[in-house]
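Please look through the structure below with this short briefing beside you. It is meant for a reader who is new to protein models and wants to know where to look.

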Amino acid sequence: MIKRLRKVSLPAVSAAILSCSYHYGRVLGVICFDIGKRTSDQSLVGRNRNRLKWYCLSLRLISATSVLCFCAPHVADIEDLYIWILQFLRLSASLICSICIIVVQIGYEKELLRMINSFLRLFRRVRRLSSLKRIGFGGKREFFLLTIKFICLVYELYCELCQLGNLHTLLRLSTMMLDIILEIGSLMIIHIGFFGYLSVAALYSELNRFVRVELRRQLRSLERPGGGPVSRRQLRIVENRLDECISVYDEIERVGRSFHRLFEFPVLIILIVKIFATTVLSYEVIIRAELYPSKAGMWGLVVKSFADVILLTLAVHEAVSSSRVVRRLSLENCPISDHKEWHVKWEMFLSRLNFFEFRVRPLGLFEVSNEVILLFISSMITYFTYVVQYGIQTNLL
């Protein structure tokens, strides 16, 4: 059993998780394009599907209309302040993110499809550079983050479907189903942000690995034991590799910025709502636990909301840090030829490496980095401590 587990390819499992998430998003009406293989070279490519697009738009509009007509009046009648805040945040975020999804599907359809194809083309270009055949997505870090995200998705769907058990009328059942579709579809925004930034990190990581190992080996081959001249053909091969690396680094940064511009507003909205909902929900679970029959389930929701925020920031941090790794490879110490053209090309390559840096600043308000993760974790721990102390002093615990 252990030997079989060791033979399992982690990148292949990560690719399977991405495939399941892709089909999950299509069912929820969030992903309105199709990814299939070309008949010519069997490479993956994104295609527009009008039927799928209309299915997504119809499902989003029907579920939003149902929530506004049936669920919103019920939320307005809630007298408990904390429950009202939770429901208000949930409905507001769901409706705002649904509007953003519709705008992207209608107004930015071509740009979205172009960006997806750019991601797929980049993975093919990076793997054509390397002499090693790689199948799947990312490495160990990407597999670890994707596994946690997959667990969060399964638990999220389980919690939502558990609400259908106590409904007996067809109207309430259909209304709750549309409410669940709207809410889970809106939460897919933060999951899409996670997958997008993690893809940028995986691209940088694979290209950095090629530069660190194979390109450096080719550069060292230019150094002759007796100081003899290097053939023009060998210089041209390495020069072409340098040009391709510069081009790929440039396209990764361009595609990453395009993804960030397209999804920064809805991701920021759902991120802020997640943080506020986590604080309110944790207060409910700690102070007023007797109102909820399943304390473990409520704590699971708190942990899941907390994990969604942390996973998104970790994916962004992986992308940002991977874009800076190449600066620490000390490639300027590699031996180079005496040809003037090669000197110019080498200087251009090193200057371009220092130029590339992927950054994430949602609406220019702040920069997502490792410090933001630590700040969020420390703030939540401080908040939990304060709530527990408040409950003890007021005899609520």
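This is a predicted model: local features need pLDDT of at least 70, side-chain atom pairs count only at pLDDT 80 or more; totals for chains, interfaces and linings use all residues.

Of its 397 residues, 49% count as buried, and the accessible surface comes to about 21,200 Å², of which 63% belongs to carbon and sulfur atoms.

**Overall fold**

- Read along the sequence, the elements follow the pattern α-α-β-β-α-α-α-α-α-α-α-α-α.
- Among contacts between residues at least 6 apart in sequence, 81% join residues at least 24 apart.
- Leucine 242 has its place in helix H8, and with a relative accessibility of 0% leucine 242 counts as buried, because buried means under 20%.

**The nonpolar core**

- In soluble globular proteins, nonpolar side chains tend to be buried together.
- The largest nonpolar core in this model has 76 residues, and those that touch the most other members are Met115, Phe194, Tyr197, Leu207, Ile252, Phe263 and Phe358.
- At least two residues of this core come from each of the helices H2 (10–27), H4 (81–107), H5, H6, H7 (170–220), H8, H9 and H11, and the largest share, 20 residues, is supplied by H7.
- If its neighbours within four places in sequence are left aside, phenylalanine 263 is in contact with Leu112, Met115 and Ile192.

**Salt bridges**

- The structure holds 13 salt bridges, and a network of them links Arg121, Arg125, Glu244, Glu251 and Arg254.
- Within that network, the side chains of arginine 125 and glutamate 251 meet in a salt bridge with an N to O distance of 2.5 Å. Arginine 125 lies in helix H5 (residues 109–129) and glutamate 251 in helix H8 (residues 232–287), so this pair ties together parts that are 126 residues apart in sequence.
- Arginine 125 counts as buried at 13% relative accessibility, and glutamate 251 counts as buried at 8%.
- Arginine 141 forms a salt bridge with glutamate 318, and their closest N and O atoms are 3.3 Å apart. Because arginine 141 belongs to helix H6 (residues 140–161) and glutamate 318 to helix H9 (residues 295–325), the pair ties together parts that are 177 residues apart in sequence.
- In this second pair, arginine 141 is partly exposed at 47% relative accessibility, whereas glutamate 318 is buried at 14%.
- Arginine 26 forms a salt bridge with aspartate 34, with the closest N and O atoms 3.2 Å apart. Arginine 26 counts as partly exposed at 23% relative accessibility, while aspartate 34, with a relative accessible area of 15%, is buried.

- Ile96, Phe265, Leu363, Leu365 and Phe366 make a nonpolar surface patch of about 450 Å².
- Leucine 363, one of these residues, lies in the loop between helix H10 (340–355) and helix H11 (370–393).
- The relative accessible area of leucine 363 is 45%, so this residue counts as partly exposed. Residues in such a patch need over 30% relative accessible area, and leucine 363, at 45%, therefore passes that cut-off.

Technical notes:
Residues are numbered from 1 along each chain as its sequence is written. Side-chain values use heavy atoms; hydrogens and water are left out. Patches are made of residues with over 30% relative accessible area and no salt bridge: like charges are joined within 9 Å, nonpolar side chains (Val, Leu, Ile, Met, Phe, Trp, Tyr) within 5 Å. Accessible areas come from the Shrake-Rupley method with a 1.4 Å probe; for residues, only the protein chains shown count as cover. A salt bridge is a side-chain nitrogen of Lys or Arg within 4 Å of a carboxyl oxygen of Asp or Glu. Helices (H or I, at least four residues) and strands (E, at least two) are DSSP runs, numbered from the N terminus. Buried means under 20% relative accessible area, exposed over 50%, partly exposed in between (1.4 Å probe, protein chains only). A nonpolar core is a set of buried Ala, Val, Leu, Ile, Met, Phe, Trp, Tyr and Cys residues joined through side-chain atoms within 4.5 Å. Contact means heavy atoms within 4.5 Å.
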